[in-house]
Amino acid sequence: MRLLVSLLLCLCIPQVWAAEANAPKLDVGKGGECVKDTQWMRKNHMHVLKHQRDETVRKGIRVEQDALKNCVECHASTSDNSVTAREDSFCVGCHRYAAVKIDCFECHASKRKQALANKDVK
Amino acid sequence: MSEIDTQRRQFLKTSAGAAAIAIAPGMMLYQTAQGDTQAASSTVRWGMLIDTAQCKEGCNDCVSACNKENGLSGKTGATDSQWIRKIEIKDVSSGRALSLPMMCQHCEHPPCVDVCPTQASFKRADGIVLVDRHLCIGCRYCMMACPYKARSFVHETLTDQNPDVPRGKGTVEACSLCVHRIDKGQKPACAEACQNKAILFGDLNDANSDIYKKVRSVASVQIRADLQLNPGVRYQGL
Ligand code: SF4
Ligand code: SF4
């Protein structure tokens with residue numbers, strides 16, 4: 001049993017190191033403290049968003065903290081105000097690495113509200 | 001039971017435990033949240049009363065306000081989205097001409113909801129009829145079912161949408177009664193923009209609201225009332 005565990009450890013640890021080393025470097029935008037810790041969000045953000053989306057659209061319960069709009073507000077790049085514009089943009093960077101297609105921004109704004117408002121003025 | 005087996009059980013137990021913890025804080029998120037966490041209430045019935053006598057021919061302010069608020073192009077081609085349109089009508093025998101805005105009538109018994117195969121079309125507790133674009137497959141049955149021609153299909157890829165009004169290719173959309181504004185306690189953009197005060201917005205169930213009193217004191221009609229859909233939008237002077 002011990003042998004098996006140590007074998008597993010030997011196999012896994014370099015994997016974890018390797019994963020960290022290859023992990024995408026993201027432009028986290030303003031960043032700061034998220035609604036949950038980073039690792040939890042990496043794993044669960046889609047569940048929070050999906051739950052929130054149904055509550056908001058169908059029942060009208062708007063929890064600002066969990067809104068996609070709020071994610072964009074913090075995590076859009078400070079240089080181009082977007083979470084999808086570049087390879088290392090906050091959403092795109094990770095999704096590309098994980099090979100998971102994001103559909104959100106076919107409908108939702110991928111830019112900060114402020115950036116879009118300024119564009120209107122021009 | 002072999003040693004391996006018990007270990008495996010232990011492993012499964014702990015991982016199930018970890019999942020429970022992960023879900024529990026997830027749940028707590030909603031209790032500690034800020035923002036308007038109130039659900040739409042079924043005691044409310046949002047509606048509009050449109051005074052055709054006040055609505056001016058040629059005026060397009062409500063339409064422009066809607067386009068700006070919801071990020072519509074403002075084009076009126078066959079494949080462009082129009083959430084609200086100005087209609088000019090004329091009684092042939094008397095020659096009396098009228099101008100009025102037409103949009104989703106937010107029916108109490110909406111045929112668009114009846115025909116939707118995915119339940120994307122739905123009526124919120126407060127009477128607002130919406131499309132949940134996460135579920136809409138773009139079949140456009142609802143467009144055919146709607147007697148008011150209120151819905152549009154998005155034909156092209158869109159960019160730079162209003163963050164409050166997500167909309168995109170392959171889904172159907174219509175007047176949302178500016179649901180994102182209502183949830184903030186504001187009026188729909190068209191009602192706010194009309195300088196002639198032709199659009200009165202409010203809660204048809206609230207005895208203290210202007211619309212409740214006006215609906216009870218002046219003659220108003222629902223368009224195609226014969227269909228018995230009980231629209232939330234009423235017209236005065238038609
Ligand atoms: S007016 Fe048309 S789209 Fe609006 S609720 Fe009635 S049937 Fe549905
Ligand atoms: S187009 Fe969308 S909302 Fe309309 S009936 Fe089909 S699935 Fe439902």
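This is a predicted model: local features need pLDDT of at least 70, side-chain atom pairs count only at pLDDT 80 or more; totals for chains, interfaces and linings use all residues.
Okay, let's start with chain A. Of its 122 residues, 29% count as buried.

Now the charges. Over all chains, the structure holds 20 salt bridges. Which side chain from chain A does Asp183(B) meet in a salt bridge? That's Arg62(A), at 2.6 Å, N to O. Asp183(B) sits in the loop between helix 5 (179-182) and helix 6 (189-193) of chain B, and Arg62(A) in the loop between helix 2 (38-59) and helix 3 (68-75) of chain A, so this pair joins two chains. As for cover, Asp183(B) counts as buried at 13% relative accessibility, while Arg62(A) counts as partly exposed at 25%.

The other partner of Asp183(B) is Arg124(B), with the salt bridge at 2.9 Å, N to O. Here we stay inside chain B but link distant parts of it: Arg124(B) is in the loop between strand 4 (121-123) and strand 5, and the two residues are 59 residues apart. Both Arg124(B) and Asp183(B) are buried.

Back in chain A, there's a network: Asp27(A), Asp80(A), Arg86(A) and Asp88(A) are joined by salt bridges that share partners. And then there's Glu106(A) with Lys101(A), a salt bridge at 3.9 Å, N to O. Glu106(A) is partly exposed at 44% relative accessibility, and Lys101(A) is exposed at 66%.

Next up, Arg133(B). Is Arg133(B) buried or exposed? Buried, with a relative accessible area of 18%, because the cut-off for buried is under 20%. You'll find Arg133(B) in the loop between strand 5 (129-131) and helix 4 (141-145) of chain B. A polar atom of its side chain lies 3.3 Å from the backbone oxygen of Pro166(B).

Over to ligand 2. It has 14 residues around it, and the closest are Cys116(B), Cys136(B), Cys139(B), Arg140(B) and Cys142(B). Sorted by class, that shell has ten nonpolar, three polar and one charged residues.

Last one, the surface. Ile89(B), Val221(B) and Leu238(B) form a nonpolar patch there, with about 220 Å² of accessible area together. Val221(B) belongs to strand 9 (residues 220-221) of chain B, and it is partly exposed, at 37% relative accessible area.

That's my tour, thanks.

Definitions and conventions. Residues are numbered from 1 along each chain as its sequence is written. Chains are lettered from A and ligands numbered from 1 in the order in which they are written. Side-chain values use heavy atoms; hydrogens and water are left out. Patches are made of residues with over 30% relative accessible area and no salt bridge: like charges are joined within 9 Å, nonpolar side chains (Val, Leu, Ile, Met, Phe, Trp, Tyr) within 5 Å. Accessible areas come from the Shrake-Rupley method with a 1.4 Å probe; for residues, only the protein chains shown count as cover. A salt bridge is a side-chain nitrogen of Lys or Arg within 4 Å of a carboxyl oxygen of Asp or Glu. Helices (H or I, at least four residues) and strands (E, at least two) are DSSP runs, numbered from the N terminus. Buried means under 20% relative accessible area, exposed over 50%, partly exposed in between (1.4 Å probe, protein chains only). A residue is near a molecule or strand if one of its heavy atoms lies within 4 Å of it. Ala, Val, Leu, Ile, Met, Phe, Trp, Tyr, Cys and Pro count as nonpolar, Asp, Glu, Lys and Arg as charged, and the others, Gly among them, as polar. A polar contact is a pair of N or O atoms within 3.5 Å; within protein, one must be able to donate a hydrogen and the other to accept it, and residues adjacent in sequence count only if both atoms are side-chain atoms.
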